[in-house]
Amino acid sequence: MPPKQSSFHEDEAKLIVPLRPALQNYSWGIRGLDARVARYALETGIIDEVDPDAPYAELWIGTHPKGPSSLLNGDSLESKVGAPLPFLFKVLSCGKTLSIQAHPDKSLAVKLHQNDPTHYGDDNHKPEMAIALTPFEAMCGFRRIEEISALLRKHPEFSACISNEAKLAVFMCKDEASRRDALQMLFASFMSCPTETSKTQLAALLKRLQNEQSTLHPHPHEEPPWERKCSRAVLRLSQQFPGDAGAMAPFFLNYLLIAPGESFFMAPNEPHAYVAGEILECMACSDNVVRAGLTPKFKDVQNLVDMLSYTMGGPNIDAGAPAYGDERIMRYTPPVPEFEVMLATCNPGEELTLPSLKVPAIFIVIEGSGTTDNEEGQRLIMRPGRTYYIPPNASPLFISVNNSKHGSLKIALAHENLHSEKPTLVTREKSHTHPGEFSNGV
Ligand SMILES: [Zn+2]
(Lines give C-alpha, C1' and ligand atoms only; values in the text may rest on other atoms or scores of the structure.)
Protein backbone atom coordinates (compact mmCIF):
# COMPACT_ATOMS: atom_id res chain seq x y z
CA MET A 1 0.00 0.00 0.00
CA PRO A 2 1.68 3.23 -1.11
CA PRO A 3 1.85 6.05 1.47
CA LYS A 4 -0.30 9.13 0.97
CA GLN A 5 1.86 11.57 -1.01
CA SER A 6 2.55 14.99 0.45
CA SER A 7 2.14 17.95 -1.87
CA PHE A 8 5.25 19.64 -0.47
CA HIS A 9 8.45 18.33 -1.96
CA GLU A 10 10.55 19.07 1.15
CA ASP A 11 8.21 16.91 3.26
CA GLU A 12 8.92 13.90 1.07
CA ALA A 13 12.23 13.39 2.89
CA LYS A 14 10.28 12.86 6.15
CA LEU A 15 7.84 10.26 4.89
CA ILE A 16 8.00 6.71 6.14
CA VAL A 17 8.73 4.30 3.30
CA PRO A 18 7.36 0.73 2.98
CA LEU A 19 10.11 -1.83 2.34
CA ARG A 20 10.50 -5.25 0.81
CA PRO A 21 13.02 -7.29 2.83
CA ALA A 22 15.10 -10.06 1.21
CA LEU A 23 14.17 -13.72 1.77
CA GLN A 24 16.77 -16.48 2.39
CA ASN A 25 15.54 -20.07 1.99
CA TYR A 26 18.30 -21.90 3.90
CA SER A 27 17.53 -25.59 4.47
CA TRP A 28 17.26 -25.23 8.29
CA GLY A 29 14.22 -22.91 8.01
CA ILE A 30 10.76 -23.80 9.35
CA ARG A 31 8.52 -25.17 6.59
CA GLY A 32 5.48 -23.49 5.07
CA LEU A 33 3.14 -21.15 6.94
CA ASP A 34 4.43 -22.32 10.34
CA ALA A 35 7.39 -20.00 9.63
CA ARG A 36 6.70 -16.37 10.44
CA VAL A 37 9.37 -15.61 7.85
CA ALA A 38 6.99 -17.10 5.24
CA ARG A 39 3.95 -15.20 6.57
CA TYR A 40 5.88 -11.91 6.68
CA ALA A 41 7.28 -12.49 3.19
CA LEU A 42 3.75 -12.99 1.90
CA GLU A 43 2.50 -9.81 3.60
CA THR A 44 5.28 -7.64 2.11
CA GLY A 45 4.66 -9.08 -1.35
CA ILE A 46 8.11 -10.58 -1.87
CA ILE A 47 6.42 -13.95 -2.53
CA ASP A 48 2.95 -14.65 -4.01
CA GLU A 49 2.31 -17.93 -2.24
CA VAL A 50 3.81 -20.16 0.45
CA ASP A 51 5.01 -23.66 -0.46
CA PRO A 52 4.01 -25.91 2.49
CA ASP A 53 7.08 -28.13 1.90
CA ALA A 54 9.69 -25.41 1.48
CA PRO A 55 11.87 -23.99 4.31
CA TYR A 56 11.63 -20.26 5.07
CA ALA A 57 14.69 -19.33 7.12
CA GLU A 58 15.55 -15.61 7.20
CA LEU A 59 14.22 -12.18 6.29
CA TRP A 60 16.94 -9.57 5.87
CA ILE A 61 16.16 -5.89 6.40
CA GLY A 62 19.06 -3.66 5.49
CA THR A 63 21.55 -2.88 2.77
CA HIS A 64 23.86 -5.95 2.81
CA PRO A 65 24.76 -6.77 -0.84
CA LYS A 66 23.82 -10.47 -0.37
CA GLY A 67 20.22 -9.53 0.46
CA PRO A 68 19.46 -5.83 0.06
CA SER A 69 15.97 -4.52 0.93
CA SER A 70 14.14 -2.54 -1.72
CA LEU A 71 11.38 0.05 -1.95
CA LEU A 72 8.05 -0.82 -3.57
CA ASN A 73 9.18 0.82 -6.84
CA GLY A 74 12.21 -1.47 -6.99
CA ASP A 75 14.80 1.13 -5.94
CA SER A 76 17.27 -0.07 -3.31
CA LEU A 77 16.96 0.97 0.34
CA GLU A 78 20.60 2.06 0.12
CA SER A 79 19.77 4.59 -2.60
CA LYS A 80 17.03 6.00 -0.36
CA VAL A 81 19.28 6.20 2.75
CA GLY A 82 22.16 7.55 0.67
CA ALA A 83 24.69 5.17 2.29
CA PRO A 84 24.89 1.56 3.53
CA LEU A 85 23.31 1.02 6.97
CA PRO A 86 25.90 -0.01 9.62
CA PHE A 87 23.66 -2.89 10.80
CA LEU A 88 21.60 -5.74 9.42
CA PHE A 89 18.23 -6.64 11.00
CA LYS A 90 16.80 -10.15 10.55
CA VAL A 91 13.87 -12.38 11.42
CA LEU A 92 14.84 -16.06 11.74
CA SER A 93 12.58 -19.15 11.75
CA CYS A 94 14.85 -22.02 12.86
CA GLY A 95 13.38 -25.49 12.35
CA LYS A 96 16.68 -27.28 12.57
CA THR A 97 20.06 -26.51 14.14
CA LEU A 98 22.29 -24.01 12.39
CA SER A 99 25.98 -24.85 12.15
CA ILE A 100 28.32 -24.38 15.12
CA GLN A 101 29.98 -21.12 14.30
CA ALA A 102 31.72 -17.99 15.46
CA HIS A 103 32.24 -14.61 13.88
CA PRO A 104 35.68 -13.05 13.56
CA ASP A 105 36.64 -9.78 15.16
CA LYS A 106 37.50 -6.85 12.88
CA SER A 107 41.21 -7.60 12.40
CA LEU A 108 40.68 -11.33 11.75
CA ALA A 109 37.83 -10.54 9.33
CA VAL A 110 40.20 -8.38 7.27
CA LYS A 111 42.81 -11.17 7.22
CA LEU A 112 40.36 -13.95 6.32
CA HIS A 113 38.86 -11.85 3.53
CA GLN A 114 42.30 -11.13 2.07
CA ASN A 115 43.42 -14.77 2.17
CA ASP A 116 40.15 -16.46 1.16
CA PRO A 117 37.60 -14.05 -0.37
CA THR A 118 35.47 -16.96 -1.68
CA HIS A 119 34.63 -18.22 1.82
CA TYR A 120 34.94 -14.88 3.64
CA GLY A 121 32.95 -12.44 1.54
CA ASP A 122 33.47 -9.29 3.57
CA ASP A 123 36.03 -7.74 5.85
CA ASN A 124 33.75 -6.55 8.65
CA HIS A 125 33.30 -8.01 12.15
CA LYS A 126 29.89 -9.38 13.11
CA PRO A 127 28.88 -8.99 16.75
CA GLU A 128 25.25 -10.12 16.90
CA MET A 129 22.34 -10.36 19.28
CA ALA A 130 19.25 -12.53 19.36
CA ILE A 131 15.85 -11.60 20.82
CA ALA A 132 13.43 -14.52 21.18
CA LEU A 133 9.99 -14.25 19.54
CA THR A 134 9.04 -17.79 20.64
CA PRO A 135 10.66 -20.06 23.24
CA PHE A 136 14.13 -20.39 21.72
CA GLU A 137 16.83 -23.04 22.12
CA ALA A 138 20.46 -22.30 21.39
CA MET A 139 24.01 -23.20 22.28
CA CYS A 140 26.18 -20.24 23.19
CA GLY A 141 29.68 -19.99 24.64
CA PHE A 142 31.75 -22.67 26.37
CA ARG A 143 30.56 -24.38 29.54
CA ARG A 144 32.45 -23.84 32.75
CA ILE A 145 35.43 -26.20 32.91
CA GLU A 146 33.95 -27.93 36.02
CA GLU A 147 30.88 -28.91 33.98
CA ILE A 148 32.98 -30.17 31.06
CA SER A 149 35.11 -32.15 33.48
CA ALA A 150 31.97 -33.76 35.01
CA LEU A 151 30.67 -34.63 31.53
CA LEU A 152 34.04 -36.16 30.51
CA ARG A 153 33.87 -38.48 33.54
CA LYS A 154 30.26 -39.34 32.89
CA HIS A 155 30.41 -40.06 29.14
CA PRO A 156 33.33 -42.38 28.25
CA GLU A 157 32.49 -42.07 24.53
CA PHE A 158 33.02 -38.27 24.67
CA SER A 159 36.16 -38.84 26.71
CA ALA A 160 37.48 -41.24 24.01
CA CYS A 161 37.37 -38.38 21.45
CA ILE A 162 39.72 -36.24 23.58
CA SER A 163 43.50 -36.74 23.92
CA ASN A 164 44.90 -37.80 27.31
CA GLU A 165 46.99 -34.66 27.39
CA ALA A 166 43.91 -32.41 27.00
CA LYS A 167 41.94 -34.41 29.60
CA LEU A 168 44.77 -34.13 32.08
CA ALA A 169 44.85 -30.36 31.51
CA VAL A 170 41.07 -30.15 32.13
CA PHE A 171 41.23 -32.22 35.33
CA MET A 172 44.30 -30.42 36.71
CA CYS A 173 43.67 -26.75 35.83
CA LYS A 174 43.64 -24.37 38.79
CA ASP A 175 43.61 -20.72 37.72
CA GLU A 176 41.98 -18.64 34.98
CA ALA A 177 44.91 -18.95 32.54
CA SER A 178 45.29 -22.73 32.90
CA ARG A 179 41.49 -23.14 32.52
CA ARG A 180 41.55 -21.29 29.21
CA ASP A 181 44.53 -23.31 27.98
CA ALA A 182 42.81 -26.54 29.01
CA LEU A 183 39.60 -25.53 27.25
CA GLN A 184 41.45 -24.67 24.04
CA MET A 185 43.33 -28.01 24.20
CA LEU A 186 40.06 -29.88 24.73
CA PHE A 187 38.28 -28.12 21.88
CA ALA A 188 41.24 -28.53 19.47
CA SER A 189 41.52 -32.19 20.42
CA PHE A 190 37.80 -32.84 19.89
CA MET A 191 37.78 -31.02 16.54
CA SER A 192 40.82 -32.95 15.27
CA CYS A 193 39.63 -36.37 16.48
CA PRO A 194 39.87 -38.85 13.54
CA THR A 195 36.48 -39.33 11.87
CA GLU A 196 36.46 -43.14 12.37
CA THR A 197 36.95 -42.66 16.12
CA SER A 198 34.30 -39.96 16.51
CA LYS A 199 31.77 -41.91 14.39
CA THR A 200 32.26 -45.13 16.37
CA GLN A 201 32.13 -43.31 19.70
CA LEU A 202 29.07 -41.28 18.67
CA ALA A 203 27.20 -44.47 17.67
CA ALA A 204 28.07 -46.11 21.02
CA LEU A 205 27.09 -42.98 22.94
CA LEU A 206 23.71 -42.70 21.20
CA LYS A 207 22.95 -46.35 21.85
CA ARG A 208 23.70 -45.97 25.54
CA LEU A 209 21.81 -42.67 25.91
CA GLN A 210 18.74 -44.07 24.10
CA ASN A 211 18.75 -47.05 26.44
CA GLU A 212 19.04 -44.83 29.50
CA GLN A 213 16.25 -42.53 28.30
CA SER A 214 13.81 -45.33 27.51
CA THR A 215 11.24 -46.14 30.18
CA LEU A 216 12.06 -49.85 29.95
CA HIS A 217 15.52 -49.16 31.36
CA PRO A 218 15.06 -46.46 33.97
CA HIS A 219 18.27 -44.59 34.77
CA PRO A 220 19.96 -46.38 37.66
CA HIS A 221 20.97 -43.26 39.59
CA GLU A 222 19.69 -39.76 40.12
CA GLU A 223 21.24 -37.31 37.66
CA PRO A 224 20.99 -33.52 37.93
CA PRO A 225 18.49 -31.93 35.49
CA TRP A 226 21.21 -30.03 33.58
CA GLU A 227 23.00 -33.31 32.83
CA ARG A 228 19.78 -34.96 31.68
CA LYS A 229 18.99 -31.99 29.42
CA CYS A 230 22.48 -32.15 28.01
CA SER A 231 22.02 -35.85 27.08
CA ARG A 232 18.66 -35.10 25.48
CA ALA A 233 20.21 -32.29 23.45
CA VAL A 234 22.89 -34.67 22.13
CA LEU A 235 20.20 -37.17 21.05
CA ARG A 236 18.20 -34.44 19.38
CA LEU A 237 21.14 -32.99 17.43
CA SER A 238 22.19 -36.46 16.28
CA GLN A 239 18.77 -37.02 14.72
CA GLN A 240 19.16 -33.84 12.69
CA PHE A 241 22.73 -34.52 11.54
CA PRO A 242 23.22 -38.33 11.56
CA GLY A 243 26.85 -39.33 12.00
CA ASP A 244 28.11 -35.76 12.68
CA ALA A 245 30.24 -35.68 15.84
CA GLY A 246 29.06 -32.07 16.26
CA ALA A 247 26.07 -33.66 18.04
CA MET A 248 28.39 -33.90 21.09
CA ALA A 249 28.64 -30.07 21.19
CA PRO A 250 26.29 -29.80 24.22
CA PHE A 251 29.08 -31.51 26.23
CA PHE A 252 31.21 -28.38 25.90
CA LEU A 253 28.81 -25.54 24.91
CA ASN A 254 26.12 -23.99 27.15
CA TYR A 255 22.66 -25.15 26.13
CA LEU A 256 19.99 -22.47 26.69
CA LEU A 257 16.25 -22.09 26.49
CA ILE A 258 15.12 -18.45 26.50
CA ALA A 259 11.58 -17.02 26.67
CA PRO A 260 9.99 -14.52 24.25
CA GLY A 261 11.36 -11.02 24.93
CA GLU A 262 14.64 -12.35 26.35
CA SER A 263 17.89 -11.84 24.49
CA PHE A 264 21.58 -12.59 24.50
CA PHE A 265 24.61 -11.05 22.83
CA MET A 266 27.38 -12.87 21.00
CA ALA A 267 30.69 -11.04 21.07
CA PRO A 268 33.18 -11.78 18.28
CA ASN A 269 34.99 -15.13 18.62
CA GLU A 270 32.26 -16.78 20.72
CA PRO A 271 31.11 -20.24 19.55
CA HIS A 272 27.34 -20.57 19.13
CA ALA A 273 24.62 -22.48 17.30
CA TYR A 274 20.90 -21.82 17.14
CA VAL A 275 18.81 -24.96 17.67
CA ALA A 276 15.08 -24.19 17.34
CA GLY A 277 12.56 -21.35 17.55
CA GLU A 278 12.03 -17.89 16.09
CA ILE A 279 14.07 -14.78 16.84
CA LEU A 280 14.90 -11.26 15.82
CA GLU A 281 18.59 -10.94 15.12
CA CYS A 282 20.56 -7.75 14.75
CA MET A 283 24.23 -7.51 13.85
CA ALA A 284 26.92 -5.32 12.35
CA CYS A 285 26.44 -5.40 8.58
CA SER A 286 28.45 -8.50 7.69
CA ASP A 287 27.99 -12.11 6.66
CA ASN A 288 31.29 -13.55 7.92
CA VAL A 289 30.95 -16.97 9.54
CA VAL A 290 33.62 -19.50 10.55
CA ARG A 291 31.89 -22.90 10.77
CA ALA A 292 32.97 -26.06 12.54
CA GLY A 293 30.24 -28.67 12.48
CA LEU A 294 26.56 -29.57 12.14
CA THR A 295 26.60 -28.21 8.61
CA PRO A 296 26.95 -29.37 5.02
CA LYS A 297 28.61 -26.00 4.30
CA PHE A 298 32.32 -25.11 4.21
CA LYS A 299 34.03 -25.84 7.56
CA ASP A 300 37.19 -24.15 8.78
CA VAL A 301 38.24 -25.92 11.97
CA GLN A 302 41.79 -24.54 12.20
CA ASN A 303 40.69 -20.90 12.01
CA LEU A 304 37.91 -21.58 14.52
CA VAL A 305 40.24 -23.23 17.06
CA ASP A 306 42.71 -20.34 16.73
CA MET A 307 40.21 -17.49 16.90
CA LEU A 308 37.94 -18.40 19.84
CA SER A 309 38.23 -16.40 23.05
CA TYR A 310 37.74 -19.44 25.39
CA THR A 311 35.68 -17.47 27.85
CA MET A 312 33.60 -19.81 30.03
CA GLY A 313 30.08 -19.78 31.47
CA GLY A 314 26.68 -19.03 29.98
CA PRO A 315 25.82 -15.70 28.36
CA ASN A 316 23.99 -12.97 30.23
CA ILE A 317 20.26 -13.23 29.48
CA ASP A 318 18.67 -9.78 29.20
CA ALA A 319 15.02 -8.72 28.96
CA GLY A 320 15.74 -5.12 27.88
CA ALA A 321 15.31 -1.77 29.68
CA PRO A 322 12.62 0.94 29.25
CA ALA A 323 13.90 3.26 26.52
CA TYR A 324 12.01 6.48 27.34
CA GLY A 325 10.82 5.80 30.87
CA ASP A 326 7.89 3.81 29.45
CA GLU A 327 7.93 0.03 29.80
CA ARG A 328 6.02 -0.24 26.53
CA ILE A 329 9.20 0.65 24.63
CA MET A 330 12.05 -1.62 25.68
CA ARG A 331 15.58 -1.18 24.37
CA TYR A 332 18.09 -3.97 23.81
CA THR A 333 21.47 -2.26 23.74
CA PRO A 334 24.67 -4.18 22.97
CA PRO A 335 28.18 -2.94 23.85
CA VAL A 336 28.93 -2.10 20.18
CA PRO A 337 28.21 1.13 18.26
CA GLU A 338 26.57 -0.33 15.12
CA PHE A 339 23.11 -1.26 16.36
CA GLU A 340 20.39 -1.29 18.99
CA VAL A 341 16.85 -2.75 18.90
CA MET A 342 13.62 -1.34 20.41
CA LEU A 343 10.51 -3.44 21.01
CA ALA A 344 7.36 -1.28 21.19
CA THR A 345 4.08 -2.75 22.48
CA CYS A 346 0.80 -0.85 22.08
CA ASN A 347 -2.20 -2.45 23.84
CA PRO A 348 -5.81 -2.30 22.57
CA GLY A 349 -7.42 1.07 23.40
CA GLU A 350 -4.01 2.73 23.93
CA GLU A 351 -1.76 5.14 22.08
CA LEU A 352 2.03 5.19 22.03
CA THR A 353 4.51 7.68 20.57
CA LEU A 354 7.81 6.69 18.99
CA PRO A 355 9.97 9.84 19.37
CA SER A 356 11.79 11.43 16.45
CA LEU A 357 15.29 10.02 15.82
CA LYS A 358 18.34 11.71 14.35
CA VAL A 359 19.48 8.51 12.64
CA PRO A 360 17.95 6.26 9.94
CA ALA A 361 15.80 3.46 11.39
CA ILE A 362 13.91 0.43 10.12
CA PHE A 363 11.00 -1.36 11.75
CA ILE A 364 8.92 -4.47 11.25
CA VAL A 365 5.51 -5.32 12.71
CA ILE A 366 5.86 -8.51 14.75
CA GLU A 367 2.31 -9.11 15.99
CA GLY A 368 -1.13 -7.54 16.06
CA SER A 369 -2.55 -4.69 14.03
CA GLY A 370 -3.21 -0.96 14.37
CA THR A 371 -2.36 2.34 12.72
CA THR A 372 0.40 4.94 12.77
CA ASP A 373 0.11 8.66 12.03
CA ASN A 374 2.69 11.42 11.78
CA GLU A 375 2.79 15.21 11.39
CA GLU A 376 3.11 14.80 7.63
CA GLY A 377 -0.45 13.45 7.58
CA GLN A 378 0.75 10.00 6.60
CA ARG A 379 -1.41 7.18 7.98
CA LEU A 380 -0.20 3.58 7.72
CA ILE A 381 -1.99 0.34 8.53
CA MET A 382 0.16 -2.00 10.65
CA ARG A 383 -0.02 -5.74 10.01
CA PRO A 384 2.44 -8.50 10.97
CA GLY A 385 5.36 -8.54 8.56
CA ARG A 386 4.96 -5.01 7.21
CA THR A 387 8.37 -3.35 7.12
CA TYR A 388 9.27 0.35 6.90
CA TYR A 389 12.16 2.76 6.68
CA ILE A 390 12.06 5.89 8.90
CA PRO A 391 14.35 8.63 7.55
CA PRO A 392 16.49 10.62 10.03
CA ASN A 393 14.64 13.53 11.69
CA ALA A 394 11.22 12.26 10.60
CA SER A 395 8.45 13.51 12.91
CA PRO A 396 7.35 11.34 15.88
CA LEU A 397 5.22 8.31 15.06
CA PHE A 398 1.85 8.08 16.83
CA ILE A 399 0.77 4.47 17.18
CA SER A 400 -2.79 3.56 18.07
CA VAL A 401 -4.66 0.31 18.50
CA ASN A 402 -8.45 0.21 18.42
CA ASN A 403 -10.27 -0.99 21.55
CA SER A 404 -11.92 -3.77 19.55
CA LYS A 405 -8.59 -5.51 18.80
CA HIS A 406 -7.86 -8.72 20.66
CA GLY A 407 -4.12 -8.45 20.99
CA SER A 408 -1.34 -5.89 21.34
CA LEU A 409 0.53 -4.42 18.40
CA LYS A 410 4.24 -5.23 18.62
CA ILE A 411 6.82 -3.40 16.54
CA ALA A 412 10.57 -4.07 16.39
CA LEU A 413 12.75 -1.10 15.49
CA ALA A 414 16.49 -1.10 14.73
CA HIS A 415 18.96 1.75 14.33
CA GLU A 416 22.54 2.57 15.19
CA ASN A 417 23.31 2.47 18.90
CA LEU A 418 22.02 5.61 20.66
CA HIS A 419 22.63 4.31 24.20
CA SER A 420 26.08 2.76 23.85
CA GLU A 421 27.12 4.22 27.23
CA LYS A 422 24.31 2.21 28.89
CA PRO A 423 24.34 -1.31 27.37
CA THR A 424 21.68 -3.76 28.55
CA LEU A 425 23.51 -6.70 26.96
CA VAL A 426 27.00 -7.38 28.21
CA THR A 427 29.73 -9.77 27.23
CA ARG A 428 30.33 -12.81 29.36
CA GLU A 429 33.39 -11.50 31.17
CA LYS A 430 31.00 -9.26 33.08
CA SER A 431 28.31 -11.85 33.68
CA HIS A 432 28.13 -14.62 36.21
CA THR A 433 26.64 -18.10 36.16
CA HIS A 434 25.57 -20.60 38.74
CA PRO A 435 27.86 -23.59 39.15
CA GLY A 436 26.65 -26.82 37.58
CA GLU A 437 23.49 -25.26 36.24
CA PHE A 438 22.24 -23.91 32.93
CA SER A 439 22.95 -20.22 32.81
CA ASN A 440 19.33 -19.07 33.09
CA GLY A 441 18.28 -21.76 35.52
CA VAL A 442 16.28 -23.92 33.07
ZN1 LIG B 1 26.08 -16.33 14.33
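1. A crossing of two helices is called left-handed if the near helix is turned anticlockwise from the far one by less than a right angle, and right-handed if clockwise. In this predicted model, helix H8 passes helix H9 in a left-handed crossing. The contact is formed by Leu202, Leu206, Leu209, Gln210 and Gln213 on the H8 side, and by Ser231, Val234, Leu235 and Ser238 on the H9 side. Sorted by class, the contact of H8 with H9 contains five nonpolar and four polar residues, and no charged ones.

2. Helix H8 covers residues 195-213 and helix H9 covers residues 225-240; their axes come within 10 Å and cross at roughly 120 degrees. H8 is therefore oblique to H9.

3. Helices H6 and H7 form another packed pair. Helix H6 (residues 164-172) and helix H7 (residues 176-191) have axes 8 Å apart, at an angle of about 150 degrees. Because angles over 145 degrees count as roughly antiparallel, H6 is described as roughly antiparallel to H7. The crossing of H6 past H7 is left-handed.

4. The residues that bring these two helices together may be listed. From H6 come Glu165, Ala166, Ala169 and Val170, which meet Asp181, Ala182, Met185, Leu186 and Ser189 in H7. The contact of H6 with H7 comprises six nonpolar residues, one polar residue and two charged residues.

5. Helix H6 also packs against helix H4. Helix H4 spans residues 145-154, and its axis lies 9 Å from that of H6, at an angle of about 125 degrees. H4 is therefore oblique to H6. H4 passes H6 in a left-handed crossing. On the H4 side, the contact is made by Ile145, Ile148, Ser149 and Leu152, and on the H6 side by Lys167, Val170 and Phe171. This contact of H4 with H6 has five nonpolar residues, one polar and one charged.

6. Attention now turns to the sheets. Strands of a sheet pair through backbone hydrogen bonds, either parallel or antiparallel.

7. E15 pairs with strand E16 (residues 329-332) in the antiparallel sense, over two bridges. Ala321 has Arg331 in E16 as its bridge partner.

8. A further open sheet contains four strands in the order E18-E23-E20-E21, again with antiparallel pairing. Its edge strands are strand E18 (351-354) and strand E21 (379-382), and each pairs on one side only. From one strand to the next, the twist averages 25 degrees.

9. Within this sheet, which residue of E21 is the bridge partner of Asp373? The partner is Arg379. Strand E20 (residues 370-373) and E21 pair in the antiparallel sense over four bridges.

10. Finally, the domain assignment of the protein chain should be noted. The assignment gives domain 1 as 20-140 + 258-304 and domain 2 as 145-241. The C-alpha centres of domain 1 and domain 2 lie 29 Å apart.

How values were computed
Residues numbered from 1 in each chain as written. Predicted model: local features only at pLDDT ≥ 70, side-chain atom pairs only at ≥ 80, totals over all residues. Axes fitted to C-alpha atoms, helices over the stretch in contact; angles between N-to-C directions. Parallel < 35°, antiparallel > 145°, perpendicular 65-115°, else oblique. Contact = placed C-beta atoms within 7 Å. Nonpolar A, V, L, I, M, F, W, Y, C, P; charged D, E, K, R; others polar. Domains from an automatic or database assignment. Pairing = 2+ DSSP bridges.
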